[in-house]
Amino acid sequence: MLKYVLHRFMWAIITLWATITITFIIMHSIPGDPFAKEGTMPESVYENLQRHYNLDKPKIVQYFFYLKQVALLDFGPSLKSKTLTVNDYIEKGFPVSFHLGAQAMIIAVFFGLILGVIASLYRKRWPDYTSMIIAIIGISVPSFVLATLLINFLAVKWSFFPVATWKSWSHTVLPSIALAMMPLAYIARLMRTSMIEVLNQDYILTAKAKGLRKNAVIIKHAIRNALMPVVTILGILTANVVTGSFVIEHIFGIPGIGEMFVKGIMNRDYPVILGSTVFYSAILIFLIFIVDVVYTWIDPRIKVTGASK
Amino acid sequence: MAGKIEVTEEMFIPAENNFQEADRISRPTISYWSDVWRRLRANKLAMTGLVLIILLCLMAIFGPYMNGFTYYEQDFTKKNLAPNAEHWFGTDASGRDLFTRAWYGARISLFIGLMAALIDFMLGVIYGGISAIRGGRTDNIMMRIAEVIYSIPYLLMVILIMVVLKPGIFPIIIAMTITGWIPMARLVRGQVLQLKENEYVQAAKVAGAKLSWTLRKHLIPNSMGPILVNVTLTIPTAIFAEATLSFLGLGIQPPQASWGSLTNDALGSILIGNFYQLAIPALLISLTMFAFNVLGDGLQDALDPKLRE
Amino acid sequence: MGKLLEVKNLRIDFKTYGGEVHAVRGVNFEVKQGETIGIVGESGCGKSVTAKAIMKLLASPPARYKEGSITFNGKNLIEASEREMERIRGNEISMIFQDPMTSLNPTSKVGVQIMESVLKHNQISRKKAYNHALETLQLVGIPQPEKRMEQYPHEFSGGMRQRAMIAMALVCQPKLLIADEPTTALDVTIQAQILELMKDIQKQSETAIILITHDLGVVAEICDRVVVMYAGKVVESGTVLEIFQNPEHPYTKGLLKSVPRFDMDKSVPLSPIIGSPPDLFSPPKGCSFYPRCDYAMKICKDHDPEPEDVGNGQITACWLQHSMAKVMNTHTATNVGGGTKR
C-alpha cells in the first residue's frame, strides 16, 4: 500500500514538473520578455525585476530559477497591480474558489448518486426517464449557458437570488448549481450504469438468497460495489469543476483564482497567467493523487495487487 | 392421462424424421454493420440526434444565405431588434442580423468540432498504433509520456496556448488538438494490443484466413466500434471547448461569430431584457451537444456485441 | 419420511423483446426430508429457472408464475409474501450457485458475509454469530478459519470460495439446500472434493438437497432420485438405480449414451444426441423431443405425452409407454431398429 502511494506520488511530481515546463515554454515563446509592457512600470522597477527574476540570463538558467521559485511557492509580482503579488491574489482568491468548487462538488456527488441509484432501481419507468433527462441536459448545456440562463430567470426576472458577486450564502447558490450540473450529470449516468451492472451480478443473488431485505441488499451489497467506478472518475470531474470555475467566476464576477486567471489573460498579465496555471495544475494533480489513493483504500482487491508489486 | 385424445393404431407408426431440421438455426444471420444499423435505428433518442445533426449541418451550409444579410454587415439604425419578418432572429447590439450570424457560427463551431475530431483521430491512430505495434520499451515510454500530458488539465492548456497564438479558427484547432489526441491514442493502443492477443484472431490465423478477411471480419468491427464512438463524442467536446474559448474572448473574434462568442455578446443584453439574443445561441449549442452525445451513446449501445440479442 | 417440497404443474414464462419464452412448462416433482435429488438436463432446459423459482428469486418482470404450486412444509410459496420469503430464504431453504468466483461480494469480508445470514435469521449477539460462522467454516473444511473470516473473496481459491458459499448456505441449518451446478466451474480435482463435502453434509445433517447439474456422473455419485428435464418439462423421474439401469425415455437413454463410462467397451462409440433443444419462444405442440428422437412416431408430432408411472415409482412421459405403441413396436421392430442406426 505504502509502496503504491509513493509510486503514485512520484508520478504526480513528474506530471507537475512536466506541466510547469510546458507552461514555461509556452509563456516564453511569446516574443519579448513578460515584463516589457510599455510604460506601465518605472525603469528602476523594471531593472530590479529583470535582476530579481534573472531575465537578463539565458532561458535555460531562467528555467531553473523558475523551478526553484515555484518550489519555494513564489509566483512573482503582478504586472497590473504594483502593490500585489501573484501570491497575494492566490491567498485572497483561493478560499473563495475552494468554497465554490467544494460546494459544487458536494451538490454534484450527492444529487448525482441519488439520481443514478433511483434511475437504476426504477429502470425503464418514469423515475429513470426523469433522471436521465436531467443527466442529458446537464451534459448538453454548457456551464456558461446554464449560468446565463440561471441569471436571466432566477436573478434578473424573478429576483430569487442576487445577479452576481460573492457576498452572502445566497450569492453562492446560482454559481454552485451552474458549476455542479455537468459533473452531476456524469455521476448520475455512471452510477446508473454501474448499479445496473452490479444488480445483475451473482453476489446480489447470493445476498437475496440469504433472505436479506431488498433495501439491505441494495445498500450493503449493491451501492458499495457500484461506487467504485464513480470514485475513479472523481479526479477527472474535479478537474472539470476547477477549470469550469474560471468561466463561472468570470460570469458571476466572483473574486476567485479563476477570475484572476481570466483577468490575467485579458490584461496579458503573464506572471498571473503563469502563476495561476501552475497553482491550478498543482491542485488538480494533488486531487487526482488523493482520489487514486482513496480508491485503493476502499477497494480491497487493489490494495493487495498494489502491495504485492 | 392419454385418455383425452383419440388414439388409433396408425398413430404409432414410426415417423419420418428430419434431423437436419432439428439442427437448423432458427434465426437468420445478419451482417455486423447492418445489425448495428438496425439497433441504432431502433434507438429513438440516437435517431433524433442523427436527424438533428443532419439538419444543423444543412443549416450551417445554407443558413447564412437565406435572408440576404451578411454576418458582418452593421446597421446602427436597427440595433437590438426583436425577431421579426425581416430579421428572423432579430439583430444584435451592432445591428447585425442574428439569423445569419447564428448559422455562420454553426458553420464555424461544426467545422472546428469535426476538424478537431479528425485530427485527434489521425494523431491518435498514428501514436497509439506505433506504440502498440512496437510494444515493449517503446510502448512503455510512449504511454508514460501520453499519461503525463493527459494529466495536464485540458481546457487550461488550450487556454494557455490561445494566449500565445493569435485568435482564429486554425489556432483554436491547433490548441485543441495539441493535447486532445491522447484519449484516442490510448484507445487505439488498447484496441490494437487486444487484437494482437485475441484468441479469435489467432484462431483465424491458424485456420489460414487471409489478412484482408481477418481485417474485415474481426479488426474493423471490433476495433472501429469504440473508436467511432470516441470520435462522435470528441466533436461535442471540441465544440464545447471552442465555445468556452470564444466566450472568454480568446476564440473567434468579431466580426466573425461562433455560438460561444454570440452567447458572450448576449450576456450584457439580458440585463436590458433582450433574452432572445442569448436564447438562440444557447439553444443551438445545447442542441448540438445533445445531438452528438445521444448519437455517441446510441452508437456505443448499438456496437456493443454483448448486448446483441 | 415426510414430504418437504412438492412442485406441481409449475409454469413460468419470461417476457422478452422477442416475445414470451415458455421456460418452464408444467414441472412436477417432490423432495422428501433428508433426501438428495438430482435435476439433470441440457443447458436451457429450465432446471436453473425451476431452482430459482423455488426460492422466488426470479425477477418479475420479466418472469411470471403462470400456473402451479410450490409447496414447502405445507405452505404454497407462490402465494407467500416477500416478507415470508425473506424469513425462508437462507434460513429454511438456501442456495449455492454455479460460479464461486462471482457469487461472493468482492468488497466485503467473507466472515461478514457469512455472519450476515446468521444475524438476519437469529436474535443473537455479533459475538455468537461470529463463533457460529467460524464453526461452519471449520465444518466445510476451511483451514485457519479465524484468518479466513477476515479475508476478502479474492484471497480465496475457487474451491475455497465454493466451500465458503456452502458454509454461507448451511450456517442457519436449512431444511433444503439447492445447489445449482455447484461443481461446474471448478477443476476436476476440486469438483471431487466439493462432492465429498456435500456427501458428508448429507450424512451429518437432515438437510435435503436438490442438485442441479448436467453431469450424470455427479448424480450417480450422490443422488437418491433423479428428475430428467427437457425443454421446460420433466420427461422422466425415478430412483438413480432405475434411471441408470432401465431408462425408458429416449432422451434419458440418449443422455446416458452420450456420457463416457469406465465400464464401457471402448470399441462402442459415444453417441451424442443429434440436434439442439427446441426454441422455447414457440414450443412444439407435440412431444418436444420429437425432432431429435430415434423412436419418433406419428402421434408424437402433434400430441404431447402425459407422464405415466412405469413401475417402481419411475415416471416417464413418452408415447412409447402407451399400450398400443408396445403392440405396434413388436410388429415393426425392424423399422425401429433402422431408426436407431441414424
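The model is a predicted one, in which local features need pLDDT of at least 70 and side-chain atom pairs count only at pLDDT 80 or more, while totals for chains, interfaces and linings use all residues. Residues are numbered from 1 along each chain as its sequence is written, chains are lettered from A and ligands numbered from 1 in the order in which they are written, and side-chain values use heavy atoms, with hydrogens and water left out.

## Salt bridges within chain C

The structure holds 19 salt bridges over all chains, a salt bridge being a side-chain nitrogen of Lys or Arg within 4 Å of a carboxyl oxygen of Asp or Glu. C:Lys199 pairs in this way with C:Glu221, and the closest N and O atoms are 3.8 Å apart. This pair links distant parts of the chain, with C:Lys199 in helix H7 (residues 188-204) and C:Glu221 in helix H8 (residues 216-222) of chain C, 22 residues apart; helices (H or I, at least four residues) and strands (E, at least two) are DSSP runs numbered from the N terminus.

A salt bridge also forms between C:Lys175 and C:Glu92, with 3.4 Å between the closest N and O atoms. Here C:Lys175 belongs to the loop between H6 and strand E7 (176-180) of chain C and C:Glu92 to the loop between H2 and E6 of chain C, so that 83 residues separate these distant parts of the chain. The side chains of C:Glu150 and C:Lys109 meet in a salt bridge at 3.5 Å, N to O. Because C:Glu150 lies in the loop between helix H5 (145-149) and H6 of chain C, and C:Lys109 in the loop between E6 and H3 of chain C, this pair ties together parts that are 41 residues apart in sequence.

The accessibility of the partners in these pairs is as follows.

| Residue | Relative accessible area and class |
|---|---|
| C:Lys175 | 37%, partly exposed |
| C:Glu92 | 23%, partly exposed |
| C:Glu150 | 43%, partly exposed |
| C:Lys109 | 27%, partly exposed |
| C:Glu221 | 41%, partly exposed |

## Chain C against chain A

This contact (heavy atoms within 4.5 Å) takes 27 residues from chain C and 21 residues from chain A. The area buried between the two chains is about 2100 Å², of which carbon and sulfur atoms give 55%; buried area is the accessible area (1.4 Å probe) that two parts lose on being put together, summed over both. Across the interface there are 2 salt bridges, and the side chains of A:Arg213 and C:Glu86 meet in a salt bridge at 3.0 Å, N to O. A:Arg213 and C:Glu86 are also linked with C:Arg83 in a network of salt bridges.

On the side of chain C that touches chain A, the elements giving two or more residues are helix H2 (82-88), strand E6 (93-96), helix H3 (110-121) and helix H6 (158-170) of chain C. The largest share of this side, 5 residues, comes from H3(C).

## Chain A against chain B

In this interface, 45 residues of chain A are in contact with 36 residues of chain B, and the area buried between them is about 3500 Å², with carbon and sulfur atoms giving 81%. The count between the two chains is 1 salt bridge, and the side chains of A:Arg189 and B:Asp297 meet in a salt bridge at 2.7 Å, N to O. H1(A) gives the most to the side of chain A that touches chain B, with 10 residues.

## Nonpolar cores

A nonpolar core is a set of buried Ala, Val, Leu, Ile, Met, Phe, Trp, Tyr and Cys residues joined through side-chain atoms within 4.5 Å. The largest has 128 residues, and those with the most contacts inside it are A:Phe246 and B:Ile159. Helix H9 (residues 214-252) of chain A supplies the largest share of this core, 14 residues. Another core, of 109 residues, lies apart from it, with C:Val27, C:Val118, C:Ile222 and C:Trp319 among its members.

Not counting residues up to four places away in sequence, B:Ile159 touches A:Phe246, A:Phe261, A:Ile265, B:Leu245, B:Leu248 and B:Leu250. Chain B itself has 12 helices and 0 strands, and 48% of its 309 residues count as buried.

Notes
Buried < 20%, exposed > 50% of the residue type's maximum accessible area, 1.4 Å probe, protein only.
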